[in-house]
Amino acid sequence: MGADAHEPTLERCDGYWLGRFSAMASPNEVLMDVDSRADAEALLRIAVDETRRIERKFSRYRDDNIVHRINHAGGERILVDAETADLLDFAERCHALSEGRFDITSGVLRRVWRFDGSDRIPEQQRIEATLRFVGWNRVRWARPYLTLQPGMEIDLGGLGKEYAVDRSAALMARFRAAGLLVNYGGDLYVTGTRRDGTPWTVGIDDPAATGRGSLGRIRLERGGLTTSGDARRFLLRDGVRYGHILDPMTGWPVAGAPRSVTVVADTCMEAGVLSTIAMLQGSRAEEFLQAQQVPYWLG
Amino acid sequence: MQLTDMKNIRRALALATCAVLHGRADAVAPAGDDWHVDSALLFYSEQDRVDVWEPAVLGTRTYDDGETVTVRGVVDTMSGATPNGAVPSSKPETYTSSSGNAYTVPAGAFQTKSFDDTRAALGVDWTRNLDRLTRRKLSGDISAETDYFSIGGGLTYSADTENRMTTFTGGAGFSFDIVSPSGGAPDELGLISAVVPSGGGGDDDEGEGGGEDSIFSGEKKYTANILLGLTQVLNRRALTQLNYTYNFNAGYLNDPYKLLSVVDGNGETVDHRFEKRPDRRNGNALYWAFVYHLPQDVVHLSYRYYWDDWGIRSNTFDIKYRMELGGHGYLQPEFRYYTQTEADFFRYFLLDGAPLPDHASADYRLAEMDGTTVGVKYGLPVGKDGEFSVRAAYLQQTGEGHPNQAIGILRQYDLYPGLDATIVQISFSTRF
């Protein structure tokens, strides 16, 4: 298959091994505080295999997986496996906990909103027409059976990467628990301090100056960290910036949301859901984060 | 008035995350249609008594819709000697049995009976999701050994609450057993000296059995049980479980190989009688368990209280601590303490000439006793889904060796056959 099948790479850094590979449309890194190359290779292999498995299974860009079957069922009931069911249960909980803001069916709004930096705002009529296909409350989920109305779609992309981070970290830790840091496109998890007892240091990118500025550095001993934001994906019209975070209830970008929200939580999945819901709160993002009593940074 | 109406959803989110990362998916992922196989070899050895070799295999297949089928297979090979219930005596004792076997025990020693047997058992569980929150498990079991046959089944329902923090379980099971002691079941409380050996001679008329050695010709035993359970996730680290079990037995509940010594006023054995237990037993058990996940390690605590209408009350305390060795597997020390009261009809011996009680047994397992188990297990992950483990444990059981009832020469002897056993278990689990 050749050209785009990037092989994982492994290099020795300052006292740790750095493995890199691409999957889920992002650059992924694994930092491993182990001595031997063989151990690092084995750990990286675990991470790559698990991430590619999750990508194959839950990517909505493939036509041979459960997500494709669900999205093309034409109103038919689909039987899902236990892992998919667990993720759907999780998504359902997130929908309830966010009072309808976190919604894995909101992806169809992308048909009308294209965040390409232009000023093309869709017509309200089109947005309303599309909104009829959005809403977890329109879905019938009776584990293990899922029934979508024709035209509706689910997208587990908002959970998949964080899930892959936590799963990879858990599987790698079974092999060797010593300081591991998993970073998939900025969503990360740390299994524990490095062997000398020092925590890993993570820099938080400033969305206003990507790659050049930093909002801060955080020393992470254990836990997950994610950043949600719209640094590069937005529309600008009449001086109003429309970020790519869409409110599934109005069909419009959330107003007043920070450019980025970074959250630290016990797992990458929790951090990811909290940072996403914070963005969905718009101008009340900080208020929401304060109520959660988690460390956070706004960009 | 609150400053903000924003709700803290962290705890609820943490629980939901826990379910998706450590819940069912962990047990069945990654691929659906695989067999997950656990195999184990257990060696149990009682000092100077019974040795048991027990290879076991358990295979679980999980289908795409979460349906699972589990097949369990066990073979026990038992050999050695087990106390027969008789008290030590100053003279060598010889025993006979209705099958014509005879064995002799030296003076002063514990009275034991040698045996050699193999048991094979097969079980199948079938679990399926009825809907999003409820599951049903059907199970069937069959086991056989030379003088014993058992068949049983069960049905269990479990339901999760909407937030999946609570699981209710309810189930019922039954089993039907046939005990066919070699030579037929002995007369209850019958004198051993009255037994006519049937093995050697041409004495074929055994009465009721009539020579047909059909598997159904033995003594029958019926068991039914009911289970009610509650599992509660307390927070992302702690889980607790409470179960109640009711167990009913009816039919032939004797151990056909157990005896009671008949002693005279000096404590000298004059004869032996076979035991007789009630033909019904109602037992209840309450079980409580608590699991706490520290950042790395896991603590398991459990307590069980059992009581039945034979007068037995028992308490079991169990603690295990799973210590993660930083990627080099785990070490799990365990400690267990068991204590029980004796059955109402338990006797160390019967007095010659005294009226016979309604029921009597000298089986040491029905006596007052304490047991302590100390052990450690080492587990090592193998590959992505496999695990290899070795467990070694030591069990010590003690009882009242010098009861007040002891008379005459019996005061010199320890009347409770204490037990020291070593358990070694090697397990390997993998996915095919």
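This is a predicted model: local features need pLDDT of at least 70, side-chain atom pairs count only at pLDDT 80 or more; totals for chains, interfaces and linings use all residues.
Local features were considered at pLDDT of at least 70 and side-chain atom pairs only at pLDDT 80 or more, whereas totals for chains, interfaces and linings use all residues. Residues are numbered from 1 along each chain as its sequence is written, chains are lettered from A in the order in which they are written, and side-chain values use heavy atoms, with hydrogens and water left out.

A salt bridge is defined here as a side-chain nitrogen of Lys or Arg within 4 Å of a carboxyl oxygen of Asp or Glu. Accessibility is described as buried (under 20% relative accessible area), exposed (over 50%) or partly exposed (in between), with a 1.4 Å probe and protein chains only.

In chain B, Arg281(B) and Asp308(B) are joined by a salt bridge in which the closest N and O atoms are 2.9 Å apart. Asp308(B) belongs to strand S15 (residues 298-308) and Arg281(B) to strand S14 (residues 280-293), so the pair ties together parts that are 27 residues apart in sequence. Strands are DSSP runs of E of at least two residues, numbered from the N terminus. Asp308(B) is buried at 4% relative accessible area, and Arg281(B) is buried at 17%.

A further salt bridge links Asp363(B) to Arg365(B), with the closest N and O atoms 2.7 Å apart. Asp363(B) is buried at 2%, while Arg365(B) is partly exposed at 40% relative accessibility.

In chain A, salt bridges with shared partners connect Glu50(A), Arg53(A), Lys57(A), Asp81(A), Glu83(A) and Arg167(A) in one network.

Note on methods: Helices (H or I, at least four residues) and strands (E, at least two) are DSSP runs, numbered from the N terminus.
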